[in-house]
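Have the picture ready and take each solution one step at a time.

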Amino acid sequence: MAKLTRTWLLLVALTLGALIAGRATAAGSLGLPAAAVLMLVSALKANLILTDFLGLARSSPGWRVLLRGYLAVLALLIVAAYAMTSAGADG
Amino acid sequence: MSAEQGPPAAGPEDWGPLSGLPGNPMMWILILGELAVFGAGMVGFAVARALDPVTFDASQAQLDRVLGGINTIVLVTSGWMAAVAVRRRTAGRSPRRWLLGAMALGAVFLGVKAVEYGGKFALGIGIETNAFFQLYFLLTGFHALHVVMGIAVLAVVTWRDSLENLETGTAFWHMVDLIWVLLYPLVYLLR
């Protein structure tokens with residue numbers, strides 16, 4: 001139970017961190033590095049939910065690789081689309 | 001005649017690789033399908049933004065980013081309560097109050113979402129305003145519909161609270177939680 005509570009506190013802390021990194025109360029572009037960190041942290045949060053809340057830690061290694069790989073690919077595709085926008089805006 | 005002497009019942013081992021996941025494999029077929037659908041929707045949103053960043057960034061500025069962040073905390077807290085409920089059931093303790101708490105926070109999430117949508121409608125913003133709001137309402141609305149379904153699923157497993165039922169119901173809830181954790185930064189924060 002303590003492990004679940006630690007995971008929950010970490011998720012709340014990372015969400016508050018995302019609000020700060022994402023400059024929730026300010027305008028203007030985040031820039032590629034901040035956007036990439038934001039999506040990476042979000043994928044890590046999703047992995048914490050999968051591993052600790054959903055109990056993927058107790059499933060087979062194949063499922064862990066598949067679902068974590070899916071999260072990584074999704075975050076990378078989103079960041080890649082963001083990078084294309086940044087490149088277009090710069091050029 | 002004891003139950004052991006009868007024909008073997010169809011068990012989770014019949015589901016191949018899916019039997020390695022917590023809860024009923026049927027729920028996992030649904031979860032994997034939902035992850036694929038939402039994943040495609042999120043990539044679609046990111047690409048649409050890449051094609052028209054000016055409209056997307058100007059429209060996103062009209063969202064309440066802090067309200068979206070509060071809803072993220074509400075949902076991960078609800079997910080934590082659902083996970084604790086399963087752990088309590090495993091230990092032979094009642095999961096009921098924790099499940100009710102998880103459902104109540106799901107209702108809070110929907111309440112915040114209703115306030116958010118109401119604010120947009122009051123400004124004359126709707127699904128046909130532009131491509132950003134079309135995708136915003138589709139993705140967040142489809143997700144909110146899953147929150148409604150998730151609350152219903154949690155209600156059923158609160159009533160019939162075997163360990164397998166709880167693992168199955170909360171697996172769906174965690175999927176809803178997980179999708180929001182990815183949807184929130186994409187729709188509300190990236191600009």
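Predicted model: local features only at pLDDT ≥ 70, side-chain atom pairs only at ≥ 80, totals over all residues.

Residues are numbered from 1 along each chain as its sequence is written, while chains are lettered from A and ligands numbered from 1 in the order in which they are written.

**Exercise 1.** Work out which residues of α1(A) are buried, and what they pack against.

*Step 1.* Helices are DSSP runs (H or I, at least four residues), numbered from the N terminus. Helix α1 of chain A covers residues 2-21.

*Step 2.* Call a residue buried if 20 or more other C-beta atoms, placed from the backbone, lie within 10 Å of its own, and exposed if 12 or fewer do. The buried ones are T7(A), W8(A), L11(A), T15(A), A18(A) and L19(A).

*Step 3.* Seen down the axis of α1(A), these fall within an arc of 120 degrees (taken from the directions from the helix axis to the C-beta atoms), so they line one face.

*Step 4.* The buried residues pack against α2 (32-53) of chain A, together with α3 (65-90) and α6 (163-189) of chain B.

**Exercise 2.** Describe the side of chain A that touches chain B.

*Step 1.* Two residues are in contact if their C-beta atoms, placed from the backbone, lie within 7 Å. Chain A brings 39 residues and chain B brings 37 residues.

*Step 2.* On this side of chain A, α3(A) gives the most, with 11 residues.

How values were computed
Helix = DSSP H or I, 4+ residues; strand = E, 2+ residues; numbered from the N terminus. Expected span 1.5 Å × (residues − 1).
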